[in-house]
Amino acid sequence: MLRIVLRRLGAAGAVCVVAACGPSTADPADRSAGDPGRSTSQATGAPTTGKPSAIPATGGAGYSASLSGRLVTTDALPPGFTVDIATVMPPDAGRQRPGPEVPCADMIPLLSAKRLTGTPSATAAATVSSAEGPDYPWVASEVLRTYADDGARGAMADLRTFIARCPTVGSPGRDAGSYRFAVVPGPRLGDESMRVDSSTTSGSITLEWDSILVRIGTTLVIVHEQGNEPGGDDHLTRLAEAALRSYQTTGP
């Protein structure tokens, strides 16, 4: 029962990603140096030609209707998937970066890539789900961030630095649990890509919130998977590839 409850909480986390939930990150700091590796491969497969059935005309701060039209569509996904476009955008950390004095526990949203450094010029987000299980849906989120500067490259470099500094974090709650974060091998997509494996352990139960980030020019295409048991990330790469195809084939 606890396992089912935790996985439902993981599914609810996708809503938080696109509805600006979660604690704020800490204050200023030094920016790390380092230039991540580059890959030039693109997503493979048939182009995405459909568009979301309903793109809200307006939304909260940072919302872009035109960018929302470049999110993944249901016709690019297996049968049974739904895509719900958000109008409340996830908050980002801006130009301030947490320094060495900031506890790792205060950086969990940054470590899991739910928040990023930098200030996007436009954002779009959606919840992607499939009712494939008897007790819970498979839920993920897609976030598109475009930047007027080199913010996309900087956000990925900062994320690598944060994870190297805080690979393991004690739970800020009272359950004596822990979080683990790692940059691991993943698909080579766009101009640059990285996969982040995030997990939380409480007692004998471990759940994963894994992400793939793809930079293409000055845009980040990000997919987050929510609350799966280890090894339950079968759709993650497929979703990242479909999201990248949609972005590439629906814009200028």
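**Close-up views of a predicted model**

**View 1. The largest nonpolar core.** The largest nonpolar core contains 28 residues, and those with the most contacts inside it are Val 72, Leu 77, Val 128, Leu 144, Val 221, Val 223 and Leu 239. Such a core is a set of buried Ala, Val, Leu, Ile, Met, Phe, Trp, Tyr and Cys residues joined through side-chain atoms within 4.5 Å. At least two of its residues come from each of β1 (81-85), β2 (122-130), β3 (138-146), β8 (211-216), β9 (219-225) and α5 (236-249), and α5 gives the most, with seven residues. The model is a predicted one, in which local features need pLDDT of at least 70, side-chain atom pairs count only at pLDDT 80 or more, and totals for chains, interfaces and linings use all residues. Residues are numbered from 1 along each chain as its sequence is written, and side-chain values use heavy atoms, with hydrogens and water left out.

View 2. When residues up to four places away in sequence are not counted, Leu 239 touches Val 72, Leu 77, Val 128, Trp 138, Ala 140 and Val 223, a contact being heavy atoms within 4.5 Å. Across the protein chain, which has 252 residues, 52% count as buried (under 20% relative accessible area; exposed is over 50% and partly exposed in between, with a 1.4 Å probe and protein chains only). In soluble globular proteins, nonpolar side chains tend to be buried together.

**View 3. The largest cavity.** Leu 77, Pro 78, Phe 81, His 235, Arg 238 and Leu 239 form the lining of the largest cavity, whose volume is about 30 Å³. This lining divides into four nonpolar residues, one polar and one charged (Ala, Val, Leu, Ile, Met, Phe, Trp, Tyr, Cys and Pro count as nonpolar, Asp, Glu, Lys and Arg as charged, and the others, Gly among them, as polar). On a 1 Å grid over the protein atoms alone, a cavity is a set of points where a 1.4 Å probe fits but cannot get out, whereas a pocket is an open set with protein on both sides within 12 Å along at least five of seven lines, and lining residues have an atom within 4 Å of a point.

**View 4. The second largest pocket.** The second largest pocket holds about 160 Å³ of space (the space filled by probe spheres set on grid points, which are joined across faces, edges and corners). Twelve residues line this pocket, and the closest to its centre are Arg 95, Arg 97, Gly 118, Asp 149 and Gly 151. By class, the lining of the second largest pocket has two nonpolar, five polar and five charged residues.

View 5. The protein chain has five helices and nine strands (DSSP runs of H or I over at least four residues, and of E over at least two, numbered from the N terminus). Asp 75 sits in the loop between α2 (65-68) and β1 and counts as exposed, at 52% relative accessibility; Asp 75 and Ala 242 are 167 residues apart in sequence, yet 9.8 Å apart in space, C-alpha to C-alpha. Ala 113, in the loop between α3 (108-111) and β2, is buried, with a relative accessible area of 0%, and its phi is near 70 degrees, a positive value in a residue other than glycine. Arg 153 belongs to helix α4 (residues 151-165) and is partly exposed, with a relative accessible area of 26%.
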